[in-house]
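Subject: The structure I promised you

Hi,

Here is the structure we talked about, with the sequence alongside. Have a look around in the viewer first, then read on for what turned up.

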Amino acid sequence: MVNSTMLDLGSNRSVIRELFEYGKKRAAECGAENVFDYSLGNPSIPSPAEVNENAVRIMRERSSIAVHGYTSAVGDNGVRTAIADDLNARFGTSYKKENLFMTCGAAASLISVFRALTVDHSSEILAIAPFFPEYECFVKANGGVFGYVPADVPSFQIDFKKLEAMISENTQAVIINSPNNPSGVVYSEETVARLADLLTQKSARFGHPIYIISDEPYRELVYGSATVPWVPSFYKNTIVCYSYSKSLSLPGERIGYVLVPSECDGFTDVYNAVAGGARASGFVCAPSLWQYTVGACASSRPDIAGYDENRRLLCGALTEIGYRFAPPHGAFYLFIESPTGDGASFSETAMKHNLLLVPGNGFKCDSYLRAAYCVDGEMIKRSIPAFRAAYLEATGNA
Ligand code: PLP
């Protein structure tokens with residue numbers, strides 16, 4: 001006998017992975033240049049040069065034992081201090097190393113925080129759809145309750161009426177993700193301030209803090225004049241889950257952190273429970289070499305000009321064809337309204353043209369599709385006729 005939940009999770013590939021595998025198969029059949037794969041959110045710009053330079057320097061300068069040995073579970077002191085200093089310089093805060101817990105990427109940050117806040121089987125974490133599908137799996141596999149409310153479409157900001165109706169005495173946290181995967185939307189200051197007001201009221205009503213979990217691996221990926229509000233400045237009970245996967249293009253290295261501000265209600269317990277969540281998940285410590293590297297590069301920022309160019313190219317061409325989409329100010333995703341009203345059927349139509357778009361149902365937003373534009377710009381140019389043909393086929397104008 002094996003655990004049926006784990007068996008299910010391990011046996012069924014995600015739709016995104018299925019599409020990616022299908023793309024590889026089609027590339028072998030009809031040539032890679034004829035397949036337009038927008039399925040995966042794998043960064044396509046290289047890490048800033050200083051990232052690799054520092055990794056190499058650290059390997060050269062320090063002993064093998066120092067580079068490859070365990071750090072303490074919370075992470076290296078110097079690394080956490082460097083990150084705290086960088087956050088303080090950017091956001092006018094006064095964090096210290098004691099507020100930071102180094103993790104194996106955002107997924108590990110999230111599961112550690114979910115475990116910390118799941119008090120019993122009625123503990124509930126709420127999300128705003130569309131959301132990163134792993135939230136549900138992480139919360140449920142950990143014995144908690146997962147709930148969600150749809151965003152206010154087409155702005156994709158929070159629908160406060162729906163969220164307010166959903167919050168109960170069991171709600172432990174609301175998880176937000178801005179810039180958002182899959183919508184590419186960035187929450188406005190007004191949205192964050194309203195959320196803070198709502199949760200302050202609800203926390204008082206239910207007699208316990210309702211935390212915001214701010215999942216922000218795309219924090220630095222914003223375009224034009226858009227800015228990402230620093231959520232803990234609006235709401236003291238905010239726990240930040242961060243990762244360098246997207247900002248420094250290091251998804252395979254598994255490195256990130258959890259930030260628990262000292263102002264959080266129950267700070268010491270929350271921080272220690274996050275450490276417990278990481279321990280119970282067997283993370284031991286975040287990868288040492290990559291801790292030292294991100295510590296040395298704490299003030300590095302990505303050059304996102306390539307993503308911005310892709311965004312403009314794709315948005316311009318799709319608008320011209322007649323597509324509509326969510327306001328694309330951040331991350332590297334375009335969330336496209338299905339011309340037929342149904343994302344899954346349009347994904348199939350698109351596949352006939354070797355155009356791979358992820359249907360929105362996996363993100364709990366059925367009438368949309370996600371295009372990850374962290375791809376080669378030349379592929380975008382080659383894909384425009386396929387977007388046009390799929391659109392015409394779906395709308396009966398072929
Ligand atoms: N949260 C969101 C919204 C994501 O899009 C992702 C990855 O795509 C993650 C978390 C997990 O990131 P990581 O690779 O750092 O675990």
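Which helix gives the most to the lining of the largest cavity? Helix 5, made of residues 77-91, does, and its share is 4 residues. Before going further, keep in mind that this is a predicted model.

The largest cavity has about 110 Å³ of volume. It is lined by 16 residues, and the closest to its centre are Asp 86, Tyr 242, Tyr 244, Ala 298 and Arg 301. Sorted by class, that lining comes out as 9 nonpolar, 5 charged and 2 polar residues.

In the contact between them, domain 1 takes part with 30 residues and domain 2 with 33. About 2400 Å² of area is buried between the two domains, and carbon and sulfur atoms give 66% of that. On the domain 1 side, the residues losing the most area to domain 2 are His 329, Phe 363 and Lys 364, which together make up 22% of what that side buries.

**Open pockets**

Where does the largest pocket lie? It lies between domain 1 and domain 2, because both of them give residues to its lining. This pocket holds about 1300 Å³ of space. There are 42 residues in its lining, and those nearest the centre are Ser 14, Ile 16, Phe 132, Pro 133 and Glu 134. Several elements supply at least two lining residues each, among them helix 1 (4-11), helix 2 (15-30) and strand 11 (358-359). Helix 7 has the largest share, with 7 residues. The class count for this lining is 20 nonpolar, 11 polar and 11 charged.

The second largest pocket has a volume of about 260 Å³. Look for Phe 20, Val 35, Asp 37, Val 375 and Met 379, which lie nearest its centre out of 15 lining residues. Helix 2 and helix 14 each supply at least two residues here, and helix 2 gives the most, with 4. By class, the lining has 9 nonpolar, 3 polar and 3 charged residues.

Start with Ser 347, which sits in helix 13 (residues 343-352). Is Ser 347 buried or exposed? Its relative accessible area is 4%, so it counts as buried, the cut-off being under 20%. If you skip its neighbours within four places in sequence, Ser 347 is in contact with Leu 357, Pro 359 and Leu 369.

Then try Arg 388, found in helix 14 (residues 377-394). Arg 388 has a relative accessible area of 33%, so it is partly exposed. Which residues does Arg 388 contact, leaving aside its neighbours within four places in sequence? Those are Glu 320 and Ile 321. Arg 388 and Glu 320 are 68 residues apart in sequence, yet from C-alpha to C-alpha they are 9.5 Å apart in space.

Happy clicking!

Technical notes. Residues numbered from 1 in each chain as written. Predicted model: local features only at pLDDT ≥ 70, side-chain atom pairs only at ≥ 80, totals over all residues. Heavy atoms only, no water. 1 Å grid on protein atoms, 1.4 Å probe; cavity = no way out; pocket = protein on both sides within 12 Å on 5 of 7 lines; lining within 4 Å. Points joined across faces, edges and corners; volume = space filled by probe spheres on them. Nonpolar A, V, L, I, M, F, W, Y, C, P; charged D, E, K, R; others polar. Buried < 20%, exposed > 50% of the residue type's maximum accessible area, 1.4 Å probe, protein only. Contact = heavy atoms within 4.5 Å. Buried area = accessible area lost by both parts, 1.4 Å probe. Domains from an automatic or database assignment.
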